[in-house]
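Here are my notes on the structure shown below.

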Amino acid sequence: MEKKIYRIAVIPGDGIGIEVVNEGIRVLEHLAKQSEEKFAFEYDYFPWGCEYYLKYGKMMDEDGVEKLKDYDAIYFGAVGYPGVPDHISLWGLRIAICQGLDQWANIRPVEFLPGVPKRLNHPDIDSLNWVLIRENSEGEYSGIGGRNFSSRGDGKEVAVQSSLFTEHGCERIIRYAFDMARTRKRKKVTSVTKSNAQQYGMVLWDEVFDRVSKEYPDVETDQWLVDAMAAQFVLHPEELEVVVASNLFADILSDLGSALSGSLGIAASANINPEGHTPSMFESVHGSAPDIAGKGIANPIGTIGSAALMLEHFGLKDEAKQVNDAIKETTNQGILTRDIGGTADTKDITNAIINSLSSVYNKA
Ligand code: NAI
Ligand code: MG
């Protein structure tokens with residue numbers, strides 16, 4: 001059989017992004033070696049991020065999005081660092097890539113790993129898991145608006161920030177959520193909006209949700225306002241299976257979900273272009289965490305879990321499962337970073353995951 005080569009664009013970015021991406025690559029390399037010539041990964045590194053901005057006045061090359069189109073996937077750390085305003089760094093890199101490559105579905109699973117101290121008091125916590133589907137191309141992150149009237153003097157400036165909801169954008173993400181629900185144990189989609197207050201865009205979302213849901217009579221549905229959904233995450237998470245929400249709301253809810261499951265450091269995510277026209281991008285949910293950057297203590301699980309999502313995307317389903325199992329075995333053994341109550345360093349976690357992968361392989 002011919003060896004399959006996957007070409008990956010690696011963008012470590014800033015802060016702990018650089019540290020945790022390294023760990024993910026170690027895991028990928030280990031798997032490639034174990035595969036006995038079945039597959040391999042080739043990496044091209046892109047030095048884009050805040051340091052790049054301070055040197056060249058831009059977060060990435062002008063033709064950066066074009067360059068990325070050549071790859072099978074993008075593996076991303078995190079972006080943002082003191083010294084560069086966050087809106088410049090996020091828009092100049094992460095959002096530029098997600099929107100430029102039309103990665104319109106952002107998948108963010110919420111998992112409760114064994115051995116991680118529980119933040120949530122729930123009788124069935126070990127069996128809880130749900131997935132957030134974040135609309136990743138429009139909504140509150142459309143970048144429509146502007147600032148004006150600073151010439152009128154202090155205190156007189158005006159800022160307008162508009163959300164954009166298109167029927168096409170709502171429909172494709174809602175359909176994606178229903179299709180995903182059909183692959184899960186409980187076939188249920190919960191839609192989250194704030195259409196009592198956001199009477200145009202989010203009412204359109206609700207209408208599209210009602211229309212699309214009729215094509216999926218086998219899938220249970222539920223609709224919530226986002227404030228109540230924040231409470232539902234804590235009070236009745238057993239009701240959650242596939243949760244679909246706008247760009248901003250799902251961003252906020254995913255930090256809540258990862259905090260409930262232990263830490264921002266353990267949540268994985270995939271920015272998918274479901275049509276496969278452009279490469280998808282895999283990154284943890286967390287940011288660059290400047291407060292712990294450079295200390296070697298960041299939790300790499302979110303980024304390693306994102307590599308597992310990338311393997312799944314490549315069709316390497318067994319390997320993806322092996323990585324997820326190895327993560328669980330590691331946390332179950334009490335090998336934990338500080339954010340989840342342990343004393344292990346970043347590299348200790350990866351070493352334990354790789355050890356566990358080796359033993360799976362030897363058993364096979
Ligand atoms: P953050 O996610 O970087 O950090 C929030 C808190 O969680 C910090 O106390 C941090 O130490 C902790 N934390 C995050 N990841 C961790 C890990 N892997 N292990 C252990 N602890 C972890 O969010 P924050 O502080 O709001 O933003 C920092 C920078 O990151 C900003 O410049 C922001 O714009 C950027 N950002 C970038 C994102 C991306 O690239 N996708 C996403 C979110 C924020
Ligand atoms: Mg976020």
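1. Threonine 193 is buried, with a relative accessible area of 4%. The model is a predicted one, and this value, like the others below, is computed from it. Threonine 193 belongs to strand E8, a strand that spans residues 188–193.

2. Serine 195 sits in the loop between strand E8 and helix H6 (201–213). Its relative accessible area is 14%. Serine 195 therefore counts as buried, the cut-off being under 20%. The side chains of threonine 193 and serine 195 are joined by a polar contact of 3.1 Å. Serine 195 also has a neighbour to note in aspartate 206: the two are 11 residues apart along the chain, and their C-alpha atoms are separated by 7.7 Å.

3. Glutamate 23 is part of helix H1, which covers residues 16–34. With a relative accessible area of 1%, glutamate 23 is buried. Between glutamate 23 and lysine 347 there are 7.1 Å in space, C-alpha to C-alpha, although the two are 324 residues apart in sequence.

4. Which residues come nearest to ligand 1? They are Asp86, Gly287, Ala289, Asp291 and Asn299, out of 22 residues around the ligand. By class, this shell has 11 nonpolar, 6 polar and 5 charged residues. Strand E3 and helix H4 each supply at least two residues of the shell.

5. The side chain of aspartate 86 has an N or O atom 2.7 Å from an oxygen atom of ligand 1. At glycine 287 a backbone N or O atom lies 2.7 Å from an oxygen atom of the ligand. The side chain of histidine 286 has an N or O atom 3.3 Å from a nitrogen atom of ligand 1. Ligand 1 exposes 810 Å² when taken alone, and the protein buries 72% of that area.

6. The largest pocket has a volume of about 1100 Å³. Its lining consists of 34 residues, and those nearest the centre are Pro109, Glu111, Leu309, Glu312 and Asn324. Two or more lining residues come from each of strands E4 (105–111), E5 (129–135) and E11 (268–272), and from each of helices H5 (167–181), H9 (301–313) and H10 (317–332). Helix H10 gives the most, with 7 residues. The lining divides into 19 nonpolar, 7 polar and 8 charged residues.

7. For the second largest pocket the volume is about 790 Å³. It is lined by 33 residues, with Asp86, His87, Leu90, Trp91 and Ile95 nearest its centre. The elements that give two or more residues to this lining are strands E3 (73–78), E6 (139–148), E7 (158–164) and E12 (280–284), together with helix H4 (86–100). In this lining 14 residues are nonpolar, 11 polar and 8 charged. Asp86 deserves a remark here: it is among the residues nearest the centre of this pocket, and it is also among those that come nearest to ligand 1.

8. How many cavities of 30 Å³ or more does a search of the whole structure find? There are 2.

9. Phe112, Leu113, Val116, Pro117, Lys118, Arg119, Ile125, Leu260 and Ser261 line it. These residues divide into 6 nonpolar, 1 polar and 2 charged.

Key:
Residues are numbered from 1 along each chain as its sequence is written. Chains are lettered from A and ligands numbered from 1 in the order in which they are written. This is a predicted model: local features need pLDDT of at least 70, side-chain atom pairs count only at pLDDT 80 or more; totals for chains, interfaces and linings use all residues. Side-chain values use heavy atoms; hydrogens and water are left out. On a 1 Å grid over the protein atoms alone, a cavity is a set of points where a 1.4 Å probe fits but cannot get out, and a pocket is an open set with protein on both sides within 12 Å along at least five of seven lines; lining residues have an atom within 4 Å of a point. Grid points are joined across faces, edges and corners, and a volume is the space filled by probe spheres set on the points. Helices (H or I, at least four residues) and strands (E, at least two) are DSSP runs, numbered from the N terminus. Ala, Val, Leu, Ile, Met, Phe, Trp, Tyr, Cys and Pro count as nonpolar, Asp, Glu, Lys and Arg as charged, and the others, Gly among them, as polar. A residue is near a molecule or strand if one of its heavy atoms lies within 4 Å of it. A polar contact is a pair of N or O atoms within 3.5 Å; within protein, one must be able to donate a hydrogen and the other to accept it, and residues adjacent in sequence count only if both atoms are side-chain atoms. Accessible areas come from the Shrake-Rupley method with a 1.4 Å probe; for residues, only the protein chains shown count as cover. Buried means under 20% relative accessible area, exposed over 50%, partly exposed in between (1.4 Å probe, protein chains only).
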